[in-house]
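Here are a few exercises to work through with the model open in your viewer. Try each task before you read its solution.

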Amino acid sequence: MATRAIVTGVFGQDGSYLAEFLLGQGYEVYGVYRRCIAHGEDENVAHLKNHQNFKLVESDILEYSSLTELISDTKPEFFFNLAAQSHVGYSFKVPIETFRVDAEAVIAQLDIIRRVSPKTRYYQASTSEMFGGIDCPKHGYTEQHPLNPCSPYAVAKVAAHHAVKNYRQAYGLFACSGILFNHSSPRRGYDFATRKITHGVAQIVAGKQQYLPMGNMDAFRDEGHAKDYVKAQYLMLMQDKADDYVVATGDGATIRQMLEYVCQLAGLAYDDVYRMNPEFMRPSDVPFLLGDSSKIRSIGWQPEYDWKKLLKEMFEHDCSLQSSANVNSLQIKRTQEFTSKTART
Ligand code: NAP
């Protein structure tokens, strides 16, 4: 019988890549999602649906009774918690919901595992946003750097991060946090900066949009490819000892430099494309995030993508969507409605 893994947030960017990767390694994957698949939100895993080892489980991660049942019935080798209210900007609008999903649910999962399946190895999706982006060391933030959360999202992630450590120390659970720096892909949500850039510029090239409204262009982000980052998540749980790891490329750019680069790929002038929109500014922003991933590299992780290779792949993908019947117009429409109600880059 195949070894089992539970992946929450399986319809999301990382969840879908991780499910794909684990199936390739021969695991039986239980992918937890929370929405009705009739709306096309399952597009990231549509290609996995017929895989004999892929099972979809509908459950909100705040529904602790059904999660208890799932963990108790499957006794998985691995539990990857990737579900989250993952938008930093939106967390200012829904701080309570963000705290419940991104912090409370993590404590509930750890406690369920402690009670019903203590051998299960647990992965929590921590984030570079926990560092707050000031006083960044020359070579980037390491696992030891003090945390300074600057958004409701980061506050919740810090609480979850400490809970993982606490369950590891107090109960001996094999629980790890991956402190992941920004990562994107052609499966990135349309309301995150990298995707706004690649999709927006592709729309301009196709004549469907005139310019690109953006917020703070000075924020610097260490940016990699989600495909590389899910391999790091798996690697952490394969070690002899549970620990926390920074995952980053050690390279990056400002949002302005990213847009300039994609404009260059498209043969467009930056000034013709960019429009400042104050609605996308956040109450507090994180200016500079660079990661020092020496620790995870010392156990064998190596990213294949840098930010330019990533953006090129995303831009080419978004250009191909312009003429393809594959474009998920419903998802884009929902995102545009959502984006117009919120303020973020
Ligand atoms: P994502 O694409 O937004 O995926 C998150 C998934 O979680 C979505 O499918 C979402 O479903 C689901 N979800 C949200 N609330 C839920 C709930 N109550 N019950 C069940 N599912 C729920 O995010 P991602 O980029 O793959 O990131 C994966 C994880 O890594 C997240 O925890 C994120 O905070 C963290 N992280 C991401 C980055 C990055 O740069 N991508 C960096 C550091 C850490 P809906 O669509 O229905 O909301």
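**Exercise 1: the ligand shell**

Of the 25 residues around the ligand, those that come nearest are Asp14, Arg34, Asp60, Ser86 and Tyr153 (near means a heavy atom within 4 Å). Keep in mind that this is a predicted model, where local features need pLDDT of at least 70, side-chain atom pairs need 80 or more, and totals for chains, interfaces and linings use all residues. Residues are numbered from 1 along each chain as its sequence is written, and side-chain values use heavy atoms, with hydrogens and water left out.

Task: find polar partners for the ligand's oxygen atoms (N or O pairs within 3.5 Å).

Step 1. Start at Ser86: one of its polar side-chain atoms sits 2.6 Å from a ligand oxygen.
Step 2. Go to Asp14, where a polar backbone atom is 2.8 Å from a ligand oxygen.
Step 3. Lys157 brings a polar side-chain atom to 2.9 Å from a ligand oxygen.
Step 4. Now check the cover: the protein hides 88% of the 890 Å² of accessible area the ligand has on its own (Shrake-Rupley, 1.4 Å probe).

**Exercise 2: strand E2**

Task: work out how E2 (residues 28-33) is enclosed (strands are DSSP E runs of at least two residues).

Step 1. Count buried residues (under 20% relative accessible area, 1.4 Å probe, protein chains only): 6 of the 6 are buried, so E2 is largely enclosed by the rest of the structure.
Step 2. Sort the directions: Glu28, Tyr30 and Val32 point one way, Val29, Gly31 and Tyr33 the other.
Step 3. Look for neighbours (pairing takes at least two DSSP bridges): E1 (residues 4-8) runs parallel to E2 with 5 bridges, and Ile6 is opposite Tyr30.

Key:
Polar contact = N/O pair within 3.5 Å; in protein donor to acceptor, adjacent residues only side chain to side chain. Buried < 20%, exposed > 50% of the residue type's maximum accessible area, 1.4 Å probe, protein only. Helix = DSSP H or I, 4+ residues; strand = E, 2+ residues; numbered from the N terminus.
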